[in-house]
Amino acid sequence: MNDTAFRLGADAERRVKPRQVRDEEERMKNRSKILIVDDEPIVGERLSASLSKDGHQVEAHTDPAEALRTVGTEKFDIVICDIRMGEIDGLQVMDKVLAISPRTKFIMITGYATLELARESLTKGAFDFIAKPFKLGEIRKTIDKAIAALSRENGSPVDGN
């Protein structure tokens, strides 16, 4: 088979890939380092498993103080954080994370969504605000938007160092 025939075959193969496969491949190219902070362990476990399968490097914490210690030593592209937690709430976590790493995209999640809370989060620097219960596809789309914003701002997501 000559090179031209091979190239045409590869092009045709790319065109017939199902959309789901193309979307998954696109997500794998746009890997990022993600921190999940939620006092409900099941949220961190499920998001970690799904986002890791997408190729992201994921770390989850149920204790916001522990998460903040991690942020002091590691950089994250994206933080997904519950608003209502124990002694430290998501807004406090966001303030500290953005003070250390202003380029980090912060996604707030909450089961107590109100317009006022959403407005406050976004005004203080959240990239987006998602109400629980949410669908995994909604989180993935928001992560993809955050990665695109990071790429526009800096050329690529952080390397985690």
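What follows takes helix pairs and then rings.

Author: This is a predicted model, where local features need pLDDT of at least 70, side-chain atom pairs count only at pLDDT 80 or more, and totals for chains, interfaces and linings use all residues. Residues are numbered from 1 along each chain as its sequence is written, and side-chain values use heavy atoms, leaving out hydrogens and water.

Reader: At what angle do the axes of helix α4 and helix α5 cross?
Author: Axes are lines fitted to C-alpha atoms, for helices over the stretch in contact, with angles from 0 to 180 degrees between N-to-C directions. Helices are DSSP runs (H or I, at least four residues), numbered from the N terminus. Here α4 (residues 64-73) and α5 (residues 90-100) cross at roughly 5°, their axes coming within 10 Å. The two are therefore roughly parallel (under 35 degrees).

Reader: Which residues of α4 and α5 meet?
Author: Contact means heavy atoms within 4.5 Å. P64, L68, V71 and G72 of α4 meet V93, K96, V97 and I100 of α5.

Reader: And where do α3 and α7 touch?
Author: In α3, L47, S50 and L51 meet L136, I139, R140 and I143 of α7. The axes of α3 (residues 41-53) and α7 (residues 136-154) come within 11 Å and cross at roughly 55°.

Reader: Which charged ends sit over rings?
Author: The test asks for NZ of Lys or CZ of Arg within 6 Å of the ring centre and within 35 degrees of the ring normal. K33 has its charged end over the ring of F76, 5.1 Å from the centre. Likewise, R84 sits over the ring of Y112, at 4.5 Å.

Terms used: Parallel < 35°, antiparallel > 145°, perpendicular 65-115°, else oblique.
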